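Trainee: Could you take me through one part of this model in close detail? I would like to see how the pieces there meet, and then hear about a few residues elsewhere.

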Amino acid sequence: MDKTLLADLIAFCGIETRFTDAWGNEAEVQEKNLLTLLAAQGFAIDNDELAKEQLLERQLEIWQQVLDPVSVQKSGQDIQVLLKLAISQANQPLQLTLTTEQGQQHQFQLVATEDAELNHVMLLDDEEFQQYQWTLPLQLELGYHQLDLTVEQQSFNQSLIIAPGACYQPAQFKSQKQWGVSVQLYCVRSEQNWGIGDFADLKQLVTHLSAQGADFIGLNPIHALYPAMPESASPYSPSSRRWLNVIYLSVASLPGYAQCQQVKQLTSAPGFIQQLEAVRATEWVDYKNVTALKLPVLKALYHWFSEHQSQHAELAQSFSVFKQQGGESLLQLALYDAIHAHLISQDQHAWGWPVWPEQYQRPDSDEVQAFAKAHADELDFYCYLQFMAREQLAEVQALAKQKGMLIGLYRDLAVGVSEASTEIWGNPDLYCRDASVGAPPDILGPKGQNWGLPPMLPYQMFRQAYRPMIELFRANMQNSGALRIDHVMALLRLWWVPKGAESAGEGAYIYYPIQDLLGILALESQRHQVVVIGEDLGTVPDGIREILAEYGMYSYRVFFFEQAEDGGYISPAHYPVQAMATLTTHDMPTLIGYWHCGDLELGKKVGLYRDDQLPALFASRHQDKQRILDSLHGHAMLRPDFPSSVDQVGMSTELSHSIQRHVAKGASQLLCLQLEDWMEMTQPVNIPGTSDEYPNWRRKLTMTLEQLAGRDDITALLQQLTSLRHA
């Protein structure tokens with residue numbers, strides 16, 4: 001391809017040709033990778049003339065819009081309106097109508113050449129376009145406003161978003177530090193759940209931990225997955241990030257459970273009781289059989305509720321409002337789940353809409369609409385499950401606040417959705433299906449990572465006025481006090497891996513409109529009073545942490561990664577205040593797993609490491625453990641006679657608790673620990689870079705919640721953590 005054309009296409013698509021890798025080295029993207037990513041975005045890389053035409057078409061699409069579809073601006077600054085006009089329109093009188101979010105209307109008249117400032121000129125297809133900047137002569141409140149303009153009988157409108165300069169931070173942060181625990185909800189064991197952790201378990205955990213002084217419980221993503229395909233269980237490959245995973249419903253807590261005769265018959269049957277005992281006893285979550293137990297009972301309870309709505313008038317009214325507010329998105333999810341269940345019952349390979357019969361591949365097709373009418377009750381059932389999931393989650397958050405937790409639940413927002421998702425089915429223009437989100441080689445994934453998640457197209461996000469992102473942030477801030485953004489660098493750039501690439505390293509970074517996205521995030525954060533935590537691990541570009549800090553976002557500091565240039569461990573006392581400190585994450589080994597190198601052994605077993613890499617990795621781990629031991633002794637976190645040589649020290653309760661207390665004494669506003677380390681577990685919940693090689697997202701906790709609450713030694717540790725955080 002012509003070099004000038006290639007450079008123009010790369011610039012237009014926001015592709016980064018060079019980057020600094022996770023080890024601080026400069027890396028250059030190969031031209032073949034750049035071309036593949038251009039092809040993924042629809043450019044004819046093997047035909048220069050056609051590629052030029054395609055670029056021109058997209059540029060004209062931008063410049064022929066007098067108003068951009070969206071503009072995000074900071075509160076307190078002059079509001080600038082950009083007008084893109086053909087030269088023949090520059091002297092015409094223009095009338096703009098501003099409708100504020102509060103419903104007030106303002107009219108403005110102007111002539112661009114007289115009242116605005118020319119700041120850019122573009123010549124496209126022998127036509128000159130001029131961009132003018134006009135200052136709106138009033139200040140606007142925070143929120144979503146609408147600008148409308150008609151030019152030569154063409155109407156243009158813009159979503160004008162006025163955003164605060166920072167995300168929400170509670171006033172109590174100034175007087176006290178907080179701590180909490182992260183939990184993979186599906187892992188939880190209890191005496192009452194149905195083989196998988198549920199919202200009732202979460203209530204039980206809130207009650208216990210709040211009594212010890214904890215301020216929050218962090219959840220894995222609880223996004224909607226696939227009821228018809230329960231073994232597709234990764235919380236980071238959801239069907240919809242706007243809706244909830246109904247597997248977490250506490251069935252026994254639903255209306256009618258004690259009254260419904262059909263439910264009594266189902267749950268008292270010998271086969272049911274035997275199967276329930278079996279799924280509770282398994283070491284790994286049996287998603288298929290748990291779903292098979294729950295769904296028939298949930299359907300019976302839905303029918304009971306439908307028949308007894310007069311006895312639950314307030315709840316029935318709330319359900320009606322819920323459906324109305326959920327709108328097209330909720331109905332689309334319900335429709336998808338119903339079609340999926342219908343098709344997969346006929347063909348077990350119908351894993352998602354890309355392989356469905358053609359007539360079902362678009363939600364607006366005649367066949368899909370006919371299906372919706374014929375299965376209206378089934379759709380309403382799936383809507384009811386979402387409604388009850390929201391109700392139960394809301395009850396957990398209300399209980400957390402009642403028990404004195406400052407934050408309560410903190411939710412986790414996954415970086416994307418799977419190719420089979422409801423979201424892509426309903427909005428295919430927004431996604432690039434010929435590429436996948438991932439990461440270049442880094443500490444967590446030495447071979448790079450391909451997550452199988454089609455990325456959003458930045459230009460399409462802009463064309464859709466960021467509505468998908470606004471709805472996403474809003475949905476995930478509901479019933480929570482904090483939101484963790486997984487792979488927060490995605491707000492700035494995402495590593496795209498072309499479909500068919502031999503390795504995840506054969507990709508490149510593509511840039512996103514970070515200032516706009518941060519502005520929207522800050523606005524929704526303030527409105528919902530939700531703290532925002534950005535998971536900034538892996539390959540972190542220069543300056544991103546400073547930008548996130550400026551916007552009031554909390555950094556993510558993992559103890560094992562916080563090393564100084566000489567290899568020693570940075571004291572948690574020197575961590576940033578505006579951060580959440582943690583020992584490990586769901587992508588890392590447990591404390592015991594780390595100390596005994598279980599992750600390296602597992603990595604070898606599943607093929608993550610070559611044999612010639614392992615000696616250096618084991619040697620490095622040995623050295624790191626010695627430095628951790630040195631740091632603990634140096635900070636007097638271990639008794640003086642505790643062995644000082646790592647050759648004499650295995651992971652023990654004493655050492656584990658000392659490490660946790662050490663981090664608890666640190667400067668970071670937030671501290672997050674893991675249930676697994678209190679239970680002294682060895683197996684990880686996930687191994688990055690694997691799919692079928694290890695049963696990711698299935699390993700259960702080794703204790704029930706009842707056993708956890710009965711452990712006086714663990715309770716004593718939790719109370720010590722509270723004292724250290726309040727000191």
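Mentor: Happy to! Helices here are DSSP runs of H or I with at least four residues, numbered from the N terminus. Keep in mind that this is a predicted model.

Let's look at the pair formed by helix 14 (residues 467-477) and helix 15 (residues 514-528), whose axes lie 10 Å apart and pack at an angle of about 30 degrees. Their crossing is right-handed. On the helix 14 side, the residues in contact are M469, I470, F473, R474 and M477. Helix 15 meets them with L517, I520, L521, E524, S525 and H528. Sorted by class, this contact has seven nonpolar residues, two polar ones and two charged ones.

Now for a residue elsewhere. D46 sits in the loop between helix 2 (31-40) and helix 3 (48-63). D46 counts as exposed because its relative accessibility is 72%, and the cut-off for exposed is over 50%. Between D46 and E191 there are 62 Å in space, C-alpha to C-alpha, and the two are 145 residues apart in sequence.

A disulfide is a covalent bond between the sulfur atoms of two cysteines. With a cut-off of 2.5 Å between the sulfur atoms, the count is zero disulfides. Take C672: the closest cysteine sulfur, in C187, is 14 Å from its own sulfur, so that is too far for a bond. C672 has a relative accessible area of 2%, so it is buried. C597 is buried as well, with a relative accessible area of 10%.

Methods:
Residues numbered from 1 in each chain as written. Predicted model: local features only at pLDDT ≥ 70, side-chain atom pairs only at ≥ 80, totals over all residues. Heavy atoms only, no water. Axes fitted to C-alpha atoms, helices over the stretch in contact; angles between N-to-C directions. Helix = DSSP H or I, 4+ residues; strand = E, 2+ residues; numbered from the N terminus. Left-handed = near helix turned anticlockwise from the far one by under 90°. Contact = heavy atoms within 4.5 Å. Nonpolar A, V, L, I, M, F, W, Y, C, P; charged D, E, K, R; others polar. Buried < 20%, exposed > 50% of the residue type's maximum accessible area, 1.4 Å probe, protein only.
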